[in-house]
Amino acid sequence: KSDLSFFPRDDERQTVESIETFAIPEATTEEKEKEIAYTWNDFSGDKINYGYTARVKVNNHVSRIEKKIDFPVKKTDSNFLTYTQATEFIDINPNIEKKANEIIGTEDDFYKVVFKLADWTHNNINYNLSTLTAEAVQPSSWVLEKREGVCDEMTNLFISFLRAVGIPARFVSGMVYTNIGYEWGAHGWAEVYFPDYGWVPFDVTFAEYGWIDPTHLKLKDDLDSGSPTAKYAWKSNGADLKVGTLEIKTNAFGFGPEQPGAVDLEVLPVKTVAKFGSHIPIEVKIKNINDYYAAPKIIITKAPSLTESNVKSILLGPNEEKSLYWTAELPDADPAYV
């Protein structure tokens, strides 16, 4: 028997239009809330292949948090207390607790607290596919110490920060389209429980806070990142089980209309005349045009001379306007020219 837990289900963001299971040799199947159960009886072969084909529609859904939520939360629903506890890979130690409180400071707005923890994780943990984390998940305490990891480790640490200050959060796994090879691949992100609003997605690897792009295909959520995608049980004489590699192939075959933007942007050079070799501040004014929180990721796409990363995130309250700043270094030339 195999209980497969890695498959798409309906939620606010996605609708499963169809799902068809298969098994070679043939098996009886039962689709449950948390898993699809495959059962083989009187099996005499030496190999089993099984899985499903699913068609899923993903919506460009944005969680609409319209009002400030006070932090710390005075009371957490008992149904979500388990999502504030440490687990094997999402562990909590004094260093994690200290760093989480240091990042939060005196902030009393729940969304801003979660944003601060997410953005710190994105900016301070080095995404590194060459480390051992690409092959084996490492706990949050290791990630904070080494300051590196892949999506699972970055998400683990973010969730540990949240749980350390009493905010419920869970690990989500699925598929996503990425610019690494420009193809679909397995990915991990988080969902954070906002009081009175429900589960809100945060992807600290992609710097998508309170929203995730529609290429995120959710296949599972769990307390811990190390939970298996399938569990096996068997009764037999003189038999051993060797598990092969899980393969997920994903293709996009249709796209809906483009959605309107969440913010208005205005780019302003602080100085319009400068000498060669100068450092010129650039101001980007960002206005939230909606009556709910927005956390846009701003990218300067052509920026060969910036003195820092060309990507920054910002959190805006309903209809709020703020500015981000970059500095561009002009090339050297004859100092007599401007």
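Mentor: Lys312 lies over the face of Trp326, with 4.9 Å to the ring centre; a charge counts as sitting over a ring if NZ of Lys or CZ of Arg is within 6 Å of the ring centre and within 35 degrees of the ring normal. This is a predicted model, in which local features need pLDDT of at least 70 and side-chain atom pairs count only at pLDDT 80 or more, while totals for chains, interfaces and linings use all residues. Residues are numbered from 1 along each chain as its sequence is written, and side-chain values use heavy atoms, with hydrogens and water left out.

Trainee: And which ring does the charged end of Arg170 sit over?
Mentor: That of Trp199, at 4.0 Å from the ring centre.

Trainee: What does Trp199 pair with, and at what angle?
Mentor: Trp199 pairs with Tyr193: the ring centres are 5.4 Å apart and the planes stand at 70°, so the pair is edge-to-face. Rings of Phe, Tyr and Trp (its six-membered ring) pair if their centres lie within 6.5 Å, and planes under 30 degrees apart count as stacked, over 60 as edge-to-face and the rest as tilted.

Trainee: Are Tyr193 and Trp199 buried or exposed?
Mentor: Tyr193 is buried at 16% relative accessible area, and Trp199 is buried at 17%, where buried means under 20%, exposed over 50% and partly exposed in between (1.4 Å probe, protein chains only).

Trainee: How many aromatic pairs are there in the whole structure?
Mentor: The search finds 17. In one of them, Trp40 and Tyr50 have ring centres 5.5 Å apart and planes at 75°, so this pair is edge-to-face. Trp40 lies in the loop between β4 (36–39) and β5 (49–58), and Tyr50 in strand β5, so the pair ties together parts that are ten residues apart in sequence. Helices (H or I, at least four residues) and strands (E, at least two) are DSSP runs, numbered from the N terminus.

Trainee: Changing topic, what does β3 pair with?
Mentor: Strand β3 (residues 28–31) pairs with β4 in the antiparallel sense over four bridges, and two strands are said to pair if DSSP finds at least two bridges between them. The two form a hairpin with four residues between them, and Thr29 has Tyr38 of β4 as its bridge partner.

Trainee: Which strands form the open sheet of three?
Mentor: The order is β14-β15-β18, with antiparallel pairing, and the edge strands are β14 (263–269) and β18 (321–329). Strand β15 (residues 279–288) is joined to β18 by nine bridges, and His279 stands opposite Glu329 in β18.
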